[in-house]
Amino acid sequence: MNGEPTTIRQDTATPSLPDDLGAHACSLEVRELTKSFGEHQVLRGVSLSVGAGRTTCIIGPSGSGKSTLLHCVNRLEEPSGGDVLLAGRSMLTESADVLRRRVGTVFQHFNLFPHKTVLGNIVLPLRTVRRMSAAQAEALAMERLSEVGLAAKAGHRPANLSGGQQQRVAIARALAMEPEVMLFDEATSALDPELVKGVLGLMQGLAEHGMTMLVVTHEMGFARQVADEVVFMDRGLVVEHASPSEIFEDPQTRRLKGFLSQVL
Amino acid sequence: MLDNVLHSFFDLHSMAAVLPEVLAYGLRNTLVLALAATVIGILLGLVLAVMGVSGSRWLRVPARTYTDVFRGLPAILTILLIGQGLAPLTTQWFRGNPYPLGILALSLISSAYIGEIFRSGIQSIDPGQLKACRALGMSYPSAMRLVVVPQGIRRVLPALVNQFIAIVKDSSLVYFLGLLTTQRELFRVGQDAAVTTGNLSPLVTVGLCYLVITVPLTYLVNWTDHRLRTGARVSVVVDVEGDERAAEIERSDRLVAERTGR
């Protein structure tokens, strides 16, 4: 108890998310998605669907194509084939910006803008993308910041925050855009162990408030506890797709058994 | 011998004699040339840098070619070709004043260097920054304008000051374009005085003027460079100290509470 660094205390502050957070959430479907980099085929026909307000976790060894799948879903990488659907409508025929405005993404390395304050990080996309006035954007940004428990840090530079706090700012920034689907790309992999809990707690809060989430994670505890469904990927393919209890207690394939024996 | 040296280089009389002209227009004209060429060079350089990192070959190749040409030619050659070559075409606007074309030539040269400086700055920014912008739905131009380029510029400020120093020195070359008495910049003022007095001291005087401009800038570069390097670290240290202090206060509060409780 004695001399606990204050950062930990701040990081485990319980977020108070609004009830209507998942109001815009819609379903996400990925159909036969393929992606090749030159000769190398990273995704070899991946299909999965996440119902509105549901959470699907993607697990699998590194190099299995999990991150590439997320990048293809919001078209940071252009898929080589297949389709991505939001609320049943194909998004590959539209411009990528239309899709990205509806899909929020949280990255492993936060990717906050270091030359802006914490508040400025959230205000900037609100102003440029949602065309809000400065006053509107700041009010909304402060609201999102206090929901993730970081209103007190609004004037700080990202570099002065702990990794866990930075990631929560990144989540607040994505939420401010009112996404219909949230993608998490190993959101806690770059964090010190003691900071992971705060971020996972916030993600769990989002899931419970009805956000549609596709989560690539190495946190098996989170997948088991929070996910509605778990997808096990290996070598660019979905190997197993089932409920958390089936995946973790009754793995069907040798590959999933092998993977679980290594990570659990 | 020593007398000879002192007389040739540091003849106080001829140094004093040239000083009014140096201050009246030499210094001013040099600064006008260098500042104008730097400002235009920065604007052109930014365009070149953004073209240089573009995904389209139609933007990249012209930027590359421009940079190769103006960086690869001796400054004096560009200044003469532009300053004399375009003079007949532009007399109606400039009325024989060599400054606009001199500034244009210096700007073209400096923009090639500044473009490269900006490009390296932009390319040094973590690709995750652009990725985050795009993921938030920002367009490529606004992501570059609001996030990537501002960070890149900050990182290359020291190199930009160096470039300004180079332009200050290169500005002396416009004297090849033929200057009226009041148009003369530092070097020409010194050279004229040196020719009429048969003594090098006026050139030493203007040399000192160049150093008065450039040396403080050199130190400014070192200072900003140092600050840019250590700035982030210093603020983190401050924060950690703050946290430790907060933890300590908390500890002592608890201690006080325990003791008073007993």
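Contact here means heavy atoms within 4.5 Å. Axes are lines fitted to C-alpha atoms, for helices over the stretch in contact, and angles run from 0 to 180 degrees between N-to-C directions. Helices (H or I, at least four residues) and strands (E, at least two) are DSSP runs, numbered from the N terminus.

This is a predicted model, with local features needing pLDDT of at least 70, side-chain atom pairs counting only at pLDDT 80 or more, and totals for chains, interfaces and linings using all residues. Residues are numbered from 1 along each chain as its sequence is written, chains are lettered from A and ligands numbered from 1 in the order written, and side-chain values use heavy atoms, leaving out hydrogens and water.

Start with helix α2 of chain A, residues 66–73. It lies across β3 (55–59), β7 (181–185), β8 (212–216) and β9 of chain A, at about 150 degrees to β7(A).

Now show the open sheet in chain A: 6 strands, ordered β6-β7-β8-β3-β9-β10, with mixed pairing (strands pair if DSSP finds at least two bridges between them). β6 (103–106) and β10 (237–242) of chain A each have a single partner strand, so one side of each lacks a neighbour in the sheet.

Zoom in on β9 (residues 229–234) of chain A: 5 bridges join it to β10(A), antiparallel. Pick V231(A) and you'll find its bridge partner, H241(A), in β10(A).

Next, select I59(A), which touches K66(A), V231(A) and F259(A), among others.

Technical notes: Lists of a residue's contacts leave out its neighbours within four places in sequence.
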